[in-house]
Amino acid sequence: PKDKLKEIERALEGMADIEKYNDLLALADEQFDSEDYALALDNYKDASDIQPDEKYPIDKIKETQKLLDEMLADVASRKKLQERYDNLITLADRNFKDENYEDSRRSYEEASTIFEDERYPKDRMSEIDGILAELAKAADRDSANADADVEANRINKEFQRLIDSAN
């Protein structure tokens with residue numbers, strides 16, 4: 001009878017382990033499907049500890065770990081891109097403040113290729129294009145005025161020469 005009781009206790013423990021194993025797998029699968037990979041990984045590992053010879057949790061551990069590794073790599077890559085973007089925007093803003101518009105525009109343009117949906121660098125490039133167009137117009141006016149001044153000077157000299165030669 002004592003041996004029979006121990007046998008029954010072991011059978012009941014085994015049934016409890018199987019139930020716990022199945023509950024852990026169900027929970028892990030649910031977490032995996034909702035992309036909560038860290039929790040899913042822990043539960044797959046716990047299930048594998050209960051039934052170490054079962055292939056399913058071992059395969060899911062490998063699959064989940066691979067997805068977590070890819071996500072971490074994506075986060076690291078995104079962080080590097082964000083740092084590059086932030087540095088370019090800082091440089092562009094500084095150049096803009098210093099009225100170095102061509103360099104500023106180049107930095108904004110490069111930043112806009114990193115995160116194409118960001119409006120800030122595009123808006124600043126449009127603003128710079130407007131400023132450069134105004135500066136070009138002013139330079140053209142200044143050039144035209146300088147040309148007119150040179151021509152007026154030439155005419156005045158010619159007129160003065162004619163007056164002097166008539167006297």
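**View 1. I89 and its contacts.** I89 touches Y108, A111, Y120 and P121, with residues up to four places away in sequence not counted. Contact here means heavy atoms within 4.5 Å. The model is predicted, so local features need pLDDT of at least 70 and side-chain atom pairs count only at pLDDT 80 or more, while totals for chains, interfaces and linings use all residues. Residues are numbered from 1 along each chain as its sequence is written, and side-chain values use heavy atoms, with hydrogens and water left out. I89 sits in helix 3. Helices (H or I, at least four residues) and strands (E, at least two) are DSSP runs, numbered from the N terminus. Is I89 buried or exposed? I89 is buried because its relative accessibility is 10%. Buried means under 20% relative accessible area, exposed over 50%, and partly exposed in between (1.4 Å probe, protein chains only). The C-alpha atoms of I89 and E110 are separated by 9.2 Å, and these residues are 21 apart along the chain.

**View 2. The whole chain.** From the N terminus on, its elements run α-α-α-α-α. Of its 167 residues, 21% are buried. Take the contacts between residues at least 6 apart in sequence: 49% of them join residues at least 24 apart.

**View 3. Helix 3 against helix 4.** These two helices pack at an angle of about 160°, and their axes are 8 Å apart. That angle makes helix 3 roughly antiparallel to helix 4. Axes are lines fitted to C-alpha atoms, for helices over the stretch in contact, and angles run from 0 to 180 degrees between N-to-C directions. Angles under 35 degrees count as roughly parallel, over 145 as roughly antiparallel, 65 to 115 as roughly perpendicular, and the rest as oblique. Helix 3 passes helix 4 in a left-handed crossing. A crossing is left-handed if the near helix is turned anticlockwise from the far one by less than a right angle, and right-handed if clockwise. Helix 3 brings residues including Y85, I89, A92 and F96 to the contact. Helix 4 brings residues including Y101, Y108, A111 and I114. The residues of this contact divide into 11 nonpolar, 3 polar and 4 charged. Ala, Val, Leu, Ile, Met, Phe, Trp, Tyr, Cys and Pro count as nonpolar, Asp, Glu, Lys and Arg as charged, and the others, Gly among them, as polar.

**View 4. N95, a buried residue of helix 3.** N95 is found in helix 3. N95 is buried, with a relative accessible area of 13%. Leaving aside neighbours within four places in sequence, N95 is in contact with N100, D103 and S104.

**View 5. Helix 2 against helix 3.** Helix 2 and helix 3 pack at an angle of about 155°, with axes 9 Å apart. That makes helix 2 roughly antiparallel to helix 3. Helix 2 passes helix 3 in a left-handed crossing. In helix 2, Y37, A38, L41, Y44, K45 and S48 take part in the contact. Their partners in helix 3 include Y56, I61, L68 and M71. By class, this contact has 11 nonpolar, 3 polar and 2 charged residues.

**View 6. The largest nonpolar core.** A nonpolar core is a set of buried Ala, Val, Leu, Ile, Met, Phe, Trp, Tyr and Cys residues joined through side-chain atoms within 4.5 Å. How many residues does the largest one have? It has 12 residues, among them Y21, F32, A40 and L68. Helix 1, helix 2 and helix 3 each give two or more residues to this core. Apart from it lies another core, of 11 residues, among them I89, A92, F96 and A111.

**View 7. N43 in helix 2.** N43 is found in helix 2. At 11% relative accessibility, N43 counts as buried. With neighbours within four places in sequence left aside, N43 is in contact with L24, L27, A28 and Q31.

**View 8. Two loop residues with positive phi.** Most residues other than glycine have a negative phi. E35 has a phi near 65°, a positive value. E35 lies in the loop between helix 1 (2-33) and helix 2 (37-50). E35 counts as exposed because its relative accessibility is 56%. E99 has a positive phi of about 60°. E99 lies in the loop between helix 3 (55-97) and helix 4 (101-114). E99 is exposed, with a relative accessible area of 57%.
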